[in-house]
Amino acid sequence: MADPKPVLVVGAGPVGLVAAAELIRHGVPVTVLEEGTELSGEMRGSTFHAPTLDMLAEYGAAERMVEQGFVAPLMQYRRRDHGVIATFDFGVLADVTRHPFRLQCEQFKLTRILHDILKDKPGFSIRFGAKVAAVADEGSHVVATLADGTRIEGSHVIGCDGAHSAVRKSAGLSFEGFTWPERFLVLSTPFDFRSIIPDLADVSYYADPEEWFFLLRVPGGEPGGLWRAMFPTSAELSDEEILSPEFARARFARIKAGRDDYPTRHRTLYRVHQRVAETFRKGRILLAGDAAHINNPLGGMGLNGGVHDAVNLGAKLARVWHGDAEDVLDLYDRQRRGVTVEHVQRQTITNKQNLEAKEPEAQAAFRDRMAEAASDPAKAHAYLLQVSMINSLRRAAEID
Ligand SMILES: Cc1cc2nc3c(=O)[nH]c(=O)nc-3n(C[C@H](O)[C@H](O)[C@H](O)COP(=O)(O)OP(=O)(O)OC[C@H]3O[C@@H](n4cnc5c(N)ncnc54)[C@H](O)[C@@H]3O)c2cc1C
């Protein structure tokens, strides 16, 4: 018999709202509890991979994302000194996806679009200013206690409350892994790098033994868009030094010799981790997105992996909620935690190591591998299945 209590989703970030959309699509009532007084407007993640867009299309969100983002059909690996190593065309994936490209679009646009789609749907409710302090599994239901002491009951709770997840901590689940010593600096500028690097793709990763970086073009609310440049920074430097205009100029000077005077719109410095929760499921308490796993941004897999969690979990939880399945929630943990470790963690660490390789042999091997893959359509297809996370979804579907 159907449990009349709603599913509680903690956090109205992209993962929480996708989980809500998937549950609502399957006729399950959802209460979203969000600490903020409104949806976040932070830029943060800006990469959406092909299968993620295929999933978002089910809620009517992908088309609106495409309208508000930049379609990036190409991805490049480059070297500062030797130009292009390899250019990959996502168009070769047209046989397996309706969105054969990377979409560059700020993640806050997704949360706004999803909220707009969900807000009037029967069964959906959202409470802003609702900071969850603790959750408890009472056997037949869950209770979320807010910071002000209010108690809210649900059938299950999904912690989509980000890397510092109160839900994960309240459930006593460890977040094993490590923190990279260097922090990452993101600088954004309206200067169009294509005017000085004519063959530059909208998504370009620069391998460099001294200091790798990447360049991504996003809408950014500017007529011609914004370029986001991300650089690693030394652990020995203070925040003040790294966030100074002089430091930004010195980093920008690495992009193209002789130029360092680009107008800067944003400077963000953040710590980067590789961590995975010990389980994504403990009884009626579930984790998804950054609450369950975090990784470096090379390859744009964190946010996308979180959306893949939310869709996988939403569909399974709906079956349990309706009483159509005994318990498929352990399968969610096996599938999503499995590919998070096997694919997302491994791939993002490899991506970083490829770009920062210091030994000439390792640099040459990476260059040769990428150049060969890009020049052979079958190899390019295989490589792009991996980087666009289609392989990780196929692997998850095989796990039983
Ligand atoms: C600078 C930067 C660049 C990034 N670039 C990329 C990229 O290019 N591609 C990519 O895939 N990923 C990227 N990421 C990672 C991406 O932003 C995250 O993976 C993504 O935001 C995870 O979404 P989420 O919904 O799980 O968590 P979040 O977006 O962190 O959302 C969590 C929500 O929970 C709320 N919340 C927190 N605690 C509580 C509580 N106790 N009670 C109630 N509500 C609570 C928060 O207010 C928030 O709204 C980047 C991250 C950063 C910082």
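Predicted model: local features only at pLDDT ≥ 70, side-chain atom pairs only at ≥ 80, totals over all residues.
Good morning. I begin with Met389, which is buried, with 25 other C-beta atoms within 10 Å. Met389 lies in the loop that joins H11 to helix H12, the latter spanning 390-398. Its phi is near 75°, a positive value in a residue other than glycine. As background, most residues other than glycine have a negative phi.

Arg44 also has a positive phi, near 40°, and is again a residue other than glycine. Where is Arg44 found? It sits in the loop between strand S2 (30-33) and strand S3 (47-48). Is Arg44 buried or partly exposed? It is partly exposed, since 17 other C-beta atoms lie within 10 Å, and the threshold for burial is 20 or more.

Helix H10, residues 360-375, packs with helix H11, residues 377-387, at an angle of about 115°, and the two axes are 5 Å apart. H10 is therefore roughly perpendicular to H11. On the H10 side the contact involves Glu372, Ala373 and Ala374, which meet Lys379, Ala380 and Tyr383 of H11. By class, the residues of this contact are four nonpolar, no polar and two charged.

Next, the ligand. Which residues come nearest to the ligand? Of the 35 residues around it, these are Gly11, Gly13, Gly45, Gly162 and Gly289. The shell divides into 13 nonpolar, 16 polar and six charged residues. Helix H1 (14-25), strand S17 (266-277) and helix H8 (302-321) are elements that each supply at least two residues of the shell. The largest share, four residues, comes from H8.

How many residues does the largest nonpolar core have? It has 104, and Ala19, Ala20 and Ala288 are the members with the most contacts inside it. Taking Ala288 as an example, and leaving aside neighbours within four places in sequence, the residues in contact with it are Val15, Ala19, Ile158, Cys160, Gly306, Asp309, Ala310 and Leu313. There is also a second, separate core of six residues, among them Met301, Val339, Val344 and Leu393.

Helix H2, residues 50-57, deserves a separate remark. It is mostly covered, with six of its eight residues buried. The buried positions are Ala50, Pro51, Thr52, Leu53, Met55 and Leu56. Which elements cover them? The cover includes S3, helix H3 (62-68), strand S7 (102-104), H8 and H12.

Finally, I consider Val71, in strand S4, which runs over residues 70-72. Val71 counts as partly exposed, because it has 14 C-beta neighbours inside 10 Å, a count that falls between the limits of 12 for exposed and 20 for buried. Leaving aside neighbours within four places in sequence, Val71 is in contact with Val66, Phe101 and Leu103. Val71 and Leu103 are 32 residues apart along the chain, yet their C-alpha atoms are separated by 4.8 Å.

To close, I return to the two positive phi values: Met389, with phi near 75°, is buried, whereas Arg44, with phi near 40°, is partly exposed. Thank you for your attention.

How values were computed: Residues numbered from 1 in each chain as written. Axes fitted to C-alpha atoms, helices over the stretch in contact; angles between N-to-C directions. Parallel < 35°, antiparallel > 145°, perpendicular 65-115°, else oblique. Contact = placed C-beta atoms within 7 Å. Nonpolar A, V, L, I, M, F, W, Y, C, P; charged D, E, K, R; others polar. Near = placed C-beta within 6 Å. Core = buried A, V, L, I, M, F, W, Y, C linked by C-beta atoms within 7 Å.
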